[in-house]
Amino acid sequence: MAPLLIGLTGGIAAGKSEALAALGRLGAETISSDAVVRELLDSTEVRDRLVARWGAQVAPGGAVDRNRISEIVFKRPEELAWLEAELHPRVGKRIDAWRRSLDPTTRFGVVEVPLLFEAAMADAFDATVAVVADEEVRRRRAEQRGHALLDERAARQLDQDEKAARADHVVRNDGSLEDLERELSELLAKLASQEGRSGPEPVQS
């Protein structure tokens, strides 16, 4: 039986990365599209494309300055479109290769995709999950992490209520990591029962 492929999304600072890590601890195989993008930005091939487009200032000392890239693309939509055209096919190939590499005995494969619905990728997954949190909690987390250009980033995305409405399942992340992991454990058990798979035992409180 092929692994159940889950698309994980949510608003900025809702806790997608925390949820992905928790799902990994619960036995799922996981990959983050953001992590793939970071790897690509560190590659010589992509760095050279960026320098050719925007000049050496975007890669001082030979390393791509992600903050500088963000400043360019979030203020200039045409440059964001160019960057996405460069990165998205490469990200897709990496994720497809990861999916094909999964052992047939794997129960769940989870892909974190911040723009899952915006990029019309939902149909690529067997199930979609949106992680949501209170607006004030999200803003506080974003500020603590030093997320620059928060409003510009948020403007590119559907609001989290819309993401939740489109997702097959919604997980709240307003509490502790233990609370989040417990809710995700219950979700995997539910998905496993629906698919006739052996899911994880629910986390005990």
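Trainee: Quick one to start: what lies 3.0 Å from a polar atom of the Lys-16 side chain?
Mentor: The backbone oxygen of Gly-11. A polar contact here is a pair of N or O atoms within 3.5 Å; within protein, one has to be able to donate a hydrogen and the other to accept it, and residues adjacent in sequence count only if both atoms are side-chain atoms.

Trainee: And what kind of model is this?
Mentor: It's a predicted model, where local features need pLDDT of at least 70, side-chain atom pairs count only at pLDDT 80 or more, and totals for chains, interfaces and linings use all residues. Residues are numbered from 1 along each chain as its sequence is written, and side-chain values use heavy atoms, with hydrogens and water left out.

Trainee: Back to Lys-16, then. Where does it sit, and is it buried or exposed?
Mentor: Lys-16 is in helix H1, and at 10% relative accessibility it counts as buried. Buried means under 20% relative accessible area, exposed means over 50%, and partly exposed is in between, using a 1.4 Å probe and protein chains only.

Trainee: What else is buried in H1?
Mentor: Besides Lys-16, you've got Ala-19, Leu-20, Ala-22 and Leu-23. They cover an arc of only 165 degrees around the axis, so they sit on the same side of H1. That arc is taken from the directions from the helix axis to the C-beta atoms.

Trainee: What's on the other side of H1, and what covers the buried one?
Mentor: Ser-17 and Arg-25 are exposed on the other side. The cover over the buried residues includes E1, strand E2 (29-32), E3, E4 and helix H9 (177-195). Just after H1, Gly-27 has a positive phi of about 110 degrees.

Trainee: Which residues other than glycine have a positive phi?
Mentor: Ala-13, with phi near 65 degrees, and Ala-120, near 55 degrees, are the ones I'd look at. For background, most residues other than glycine have a negative phi.

Trainee: Where are they, and which is buried, which exposed?
Mentor: Ala-13 is in the loop between strand E1 (4-10) and helix H1 (16-25), and counts as buried at 5% relative accessibility. Ala-120 is in the loop between strand E3 (108-112) and strand E4 (127-132), and is exposed, with a relative accessible area of 67%.

Trainee: Switching topic: how do H2 and H5 cross?
Mentor: The axes of H2 (residues 33-41) and H5 (residues 77-101) come within 10 Å and cross at roughly 115 degrees. Axes are lines fitted to C-alpha atoms, for helices over the stretch in contact, and angles run from 0 to 180 degrees between N-to-C directions.

Trainee: Which residues meet there?
Mentor: From H2, Ser-33, Val-36, Val-37, Glu-39 and Leu-40; from H5, Leu-87, Arg-90, Val-91, Arg-94 and Ile-95. Ser-33 is buried, with a relative accessible area of 8%. Beyond four places in sequence, Ser-33 contacts Val-91 and Ile-95, and also Glu-112, Val-113 and Pro-114.

Trainee: What about H4, which of its residues are buried?
Mentor: In H4 (residues 66-73), those are Ile-69, Ser-70, Ile-72 and Val-73. Down the axis they fall within an arc of 160 degrees, so they line one face of the helix. At the start of H4, a side-chain oxygen of Asp-65 comes to within 3.1 Å of the backbone nitrogen of Asn-67.

How values were computed
Helices (H or I, at least four residues) and strands (E, at least two) are DSSP runs, numbered from the N terminus. Contact means heavy atoms within 4.5 Å.
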